[in-house]
Amino acid sequence: MKPELTLEQKFFSDLAERLTPKERLPLLDWARKNRRTEKGRNFTFRDRPYLKQIYADTHDFIVIKKAAQVGGTEFAISNALHFACEYSPVTIIYTFPTATEVRNFVAGRFNPSIAVSPYVKERIGRVDSVSVKEIAGSFLYLRGSFSDREALSVPADLLIHDEVDFSNQNILSQYEERLTASRYKKRLFFSTPTVPHFGIDALFEASDQHEWFVECESCGHGFLPQLEQIDKDKAMLRCPLCHKACSRRRGRWESMNPGAAIRGYHLDQLGCAFVDIESIIGKLEGPKKYDKRMFENFVRGQASAVGVGSVNRGIIMQRCFTDAVQRSDSGRGRFMGIDQGGRLSVVISEVIDSKRCIVYMEEVEDDDDWSRMHRLMALHGVTTCVVDYRPEARAARRFAKQYPGVAWCCEFVTSDKELYFDKDEDYLVKGNRTEILDGAAEQIRDGRTQLYSKDEVVETYISHWERLARVEEVDRLGRTKAQWIKQGVSDLSFADAYNRLAVLIQMGDLSDIAPTSEVADTIDRGEGGSWYTAKW
Ligand SMILES: [Zn+2]
């Protein structure tokens, strides 16, 4: 830490600093001179000509919407080290989604970058841990946006946010205030994009939107690389004008939205000589091909809504993360929802301030392992549980019957009622599938469903919700009917919907929605499928 200066000392030191302009090496030259590759070689931009302008850019607010492996993290490391050394003493805050990512980054990328660079290595100070590093008298703080639930309270001069789309949006916005007192107020946001108009994609939309035009060495034509320009037989990119091969080692940046206050760059693997065309073809077709959305996100660096349903990552990340600390992995008075079919998927919640807070989720691969469900019932002191009734009706019934008045099987029927108790069976509730999923989706959109932290199972939860699409169809009589269509595995969304029903059973007033009709409802097994007995 710097010793406290008296006001007078501070005045003279600030004055002295202003009177003697520092010879600061620009980042591009600094990186060439002082950074080294993993193999200890000097930095070159031969295969990554597009990075040159980004390294030379002195804009104080840069966002990079990027494909995988195009040099984004290297740039952020260069930026942090250069700023720490050349502008010392400054404070830098560098965030990742979680603590695991911080650890992996420090051990796998950051520390090795320091180790190979003698210039930086000899400037490392006494403070050198996973979360704080002293570099040339500057301080670099590394934080997980979900693991460190409060924004760091130190003032910062540079904020670097990696994997913006996977980070706690609320915490990221809190970090903005850390810049208030700084002379520099520098920001670097970068991420692989996910859904449109969210996270890095939203920032890029607000930026001056630089796109990389590859230049043909043969005819000089500049073009935005597209899939149609790939020659699959020769595994090369061809110029759309003269059809000759392009090495992708020449190009230029062009702004698509000039004048915007934020500087934005989009990095696409197609325009990046560092990523060979053959590997891109492999991700487009062949045994290890990516699905369309993954291809757009990770290869093209583009946001994509392909196959994304009515509840998407943007909605969940922005509205469903509470800053409160999760109380514990066990408790009393909790609610449980279980989906079955291939595996058992469980969502456990508690209700705080009229919000359904999800405290635990698990997917049990063996759908015979009901003993795990019994253990979870006890561990969380579950007071109401709703279990998917199909396909293993007997197993579900056996489970529910062991907890009379606590556990219920739920069957989807053609009724237009969201939920009601079965007249004849005391373990059974019935309801309309669309209404039930609508209810759960609405809670997410309203922020009445809350998640505490982001880990693997929460990522799965997000992807399961994204795979459910709400589709409205107009029938022959002109009536609109909505249906939720599964576009892939979405078990945790169903477990989530059952969990909400458990809350409804215990805390809602179900007597109001008991059936009045004497006509029995028929079973509804969702779209397609042999259980789907009714068509309107
Ligand atoms: Zn050409």
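This is a predicted model: local features need pLDDT of at least 70, side-chain atom pairs count only at pLDDT 80 or more; totals for chains, interfaces and linings use all residues.
One of the residue pairs involved is Phe421, whose bridge partner in β21 is Val429.

Zooming out, β20 and β21 belong to an open sheet of 8 strands, which runs in the order β20-β21-β19-β18-β15-β16-β17-β22. Pairing across this sheet is mixed. The edges go to β20 (420-421) and β22 (449-451); each has a single partner strand, so one side of each has no neighbour in the sheet.

Two helices come into the picture here. Helix α12, covering residues 370-379, packs on the sheet and touches β15 (334-339), β16 (344-352), β17 (355-364) and β18 (382-388). The direction of α12 makes about 10 degrees with that of β16. Helix α13 (residues 393-401) packs on the sheet as well, and its contacts are with β18 and β19 (407-413). Here the angle is about 140 degrees, taken between the directions of α13 and β19.

Elsewhere in the chain numbering, there is an open sheet of 3 strands, ordered β10-β11-β12 and paired in antiparallel fashion. Its edge strands are β10 (230-231) and β12 (245-246), and since each has a single partner strand, one side of each is left without a neighbour in the sheet. As for β10, its pairing with β11 (residues 236-238) is antiparallel and spans 2 bridges. Within that pairing, Ile230 has Leu237 of β11 as its bridge partner.

How values were computed
Residues are numbered from 1 along each chain as its sequence is written. Two strands pair if DSSP finds at least two bridges between them. Helices (H or I, at least four residues) and strands (E, at least two) are DSSP runs, numbered from the N terminus. Two residues are in contact if their C-beta atoms, placed from the backbone, lie within 7 Å. Axes are lines fitted to C-alpha atoms, for helices over the stretch in contact, and angles run from 0 to 180 degrees between N-to-C directions.
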